[in-house]
Amino acid sequence: MPLITLDNISLNFSEKPILNEVNATILKGDKIALIGRNGEGKSSFMRVLAGAIEPDDGKVKIKNGIKISYLEQTPPEDNDKNLFDIVAEGLGDIGEILTQYQQLMTEEKLDEAAQLQEQIDQLDGWQHLHKIETLLNRFTLNPKVILSTLSGGWRRRVMLARALIQEPNVLLLDEPTNHMDITAILDLEKMLKDYHGTLVLISHDRAFIAGIVNKVFDLDRGNLAVFECGYDDYVKRKQNLLNSEDLANKRFDKKLAQEEVWIRQGIKARRTRNEGRVRALEGMRQSFVGRRQTQGKIKIHSVAEDEKRASKLVFELKKINYSIADLQLVKDFSMLVLKGEKIGIIGGNGSGKSTFIKLLLDELQPTSGTIRRSKTIKLAILTKCVKC
């Protein structure tokens with residue numbers, strides 16, 4: 001059963017085509033991975049599905065009565081509401097009433113709370129209250145905690161709970177595993193495997209999507225290709241297509257070079273009987289200029305050791321401590337970091353991984369202890385809130 005149909009959808013940002021006359025159908029029960037390189041427009045495609053932006057051309061047809069929930073790539077950071085209120089927002093009007101009721105009960109304004117009870121009864125709202133509490137427990141979230149005090153991974157869980165409280169027919173998830181620790185990712189993977197609705201998912205975690213999806217939407221240079229298969233089969237088919245495309249481009253370029261040599265031979269090319277060949281060459285030139293090349297693979301270069309330098313030191317930490325209020329995140333920690341080392345920092349959400357990085361970068365100061373930094377090393381940081 002078609003839930004969402006895309007009919008010749010086009011979307012452009014400035015001069016760059018993001019979606020080029022895209023046609024696709026999302027069926028009930030589909031679990032779709034939306035695949036594409038950074039900057040291809042995956043998040044924009046997701047926002048079109050969610051109705052957050054309108055396409056420049058074409059139509060998005062949504063079946064009547066369909067609920068769509070959208071988890072955006074970057075969770076909010078400056079929200080000072082408590083977690084109960086944020087999850088309840090996903091329910092719309094009834095959620096707002098339940099939030100008011102909880103606030104009045106907390107403030108012991110029982111008469112005003114009793115007036116809201118009648119509204120809740122009429123709207124059959126108590127079941128929704130139970131759903132909120134169940135989801136908060138499922139994600140081990142304290143309803144009284146303020147969102148802005150949480151780490152990125154915990155904020156991610158809160159916004160996922162907010163999306164799920166609506167019990168949507170279609171769930172759109174843009175990089176749901178961002179900032180999550182390993183345990184949370186495994187829990188989310190199990191939940192999505194058991195999810196009975198329709199799912200469209202963006203993720204760079206191959207193992208995560210391989211265990212969930214049954215269909216792949218491949219967004220490549222503005223064009224959308226639909227692969228009716230799991231992720232592993234998609235990878236093989238996509239590579240075959242790229243190899244075929246590369247071979248065809250090489251043949252085209254060879255032919256174009258031959259024709260360019262011919263056109264420069266002089267008067268022979270301008271004879272009447274060769275006008276068709278000249279027109280064909282003009283067409284080939286336009287095709288070559290208009291071809292959107294596949295971007296090369298990302299290369300990650302390691303830093304070579306420089307024997308000429310006097311020291312290989314990058315960081316030296318001596319018995320550093322760091323606390324926030326009564327929570328100690330770093331305790332008597334010492335460490336030596338040398339050039340060329342590749343170190344992974346692993347820990348649960350909220351355990352202080354980002355705080356540790358900020359200590360290294362001198363953005364935070366330790367409560368006690370010392371951090372020595374190389375004066376010759378140039379540092380760069382890729383933050384976890386970069387939008388793809």
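**View 1. Helix H7, checked end to end.** Helix H7 (residues 182-194) has 13 residues, which at 1.5 Å a residue should span 18 Å, and its end C-alpha atoms sit 19 Å apart, so the two agree. The expected span is 1.5 Å times one less than the number of residues; helices (H or I, at least four residues) and strands (E, at least two) are DSSP runs, numbered from the N terminus. This is a predicted model, where local features need pLDDT of at least 70 and side-chain atom pairs count only at pLDDT 80 or more, while totals for chains, interfaces and linings use all residues. Residues are numbered from 1 along each chain as its sequence is written, and side-chain values use heavy atoms, with hydrogens and water left out.

View 2. Buried here are Ala 184, Ile 185, Leu 188, Glu 189, Met 191 and Leu 192. They cover an arc of only 165 degrees around the axis, so they end up on the same side of H7 (the arc is that of the directions from the helix axis to the C-beta atoms). Ile 182, Thr 183, Leu 186, Asp 187 and Lys 190 are exposed on the other side of H7. Buried means under 20% relative accessible area, exposed over 50%, and partly exposed in between (1.4 Å probe, protein chains only). Among the elements covering the buried residues of H7 are helix H5 (126-138), helix H6 (152-164) and strand S7 (198-202).

**View 3. Ala 24 and its neighbours.** Ala 24 is found in strand S2 (residues 16-27) and is buried, at a relative accessible area of 6%. Leaving aside residues up to four places away in sequence, Ala 24 touches Ile 4, Thr 5, Leu 6, Phe 217, Leu 224 and Val 226; contact means heavy atoms within 4.5 Å. Ala 225 is 201 residues from Ala 24 in sequence, yet 8.6 Å away in space, C-alpha to C-alpha.

**View 4. Aromatic pairs.** The structure holds 5 aromatic pairs. One of them, Phe 45 with Phe 217, is edge-to-face, at 6.4 Å centre to centre and 85 degrees between the planes. This pair links distant parts of the chain, with Phe 45 in helix H1 (residues 42-50) and Phe 217 in strand S8 (residues 215-220), 172 residues apart. Tyr 231 and Tyr 234 have ring centres 5.9 Å apart and planes at 45 degrees, so that pair is tilted. Rings of Phe, Tyr and Trp (its six-membered ring) pair if their centres lie within 6.5 Å; planes under 30 degrees apart count as stacked, over 60 as edge-to-face and the rest as tilted.
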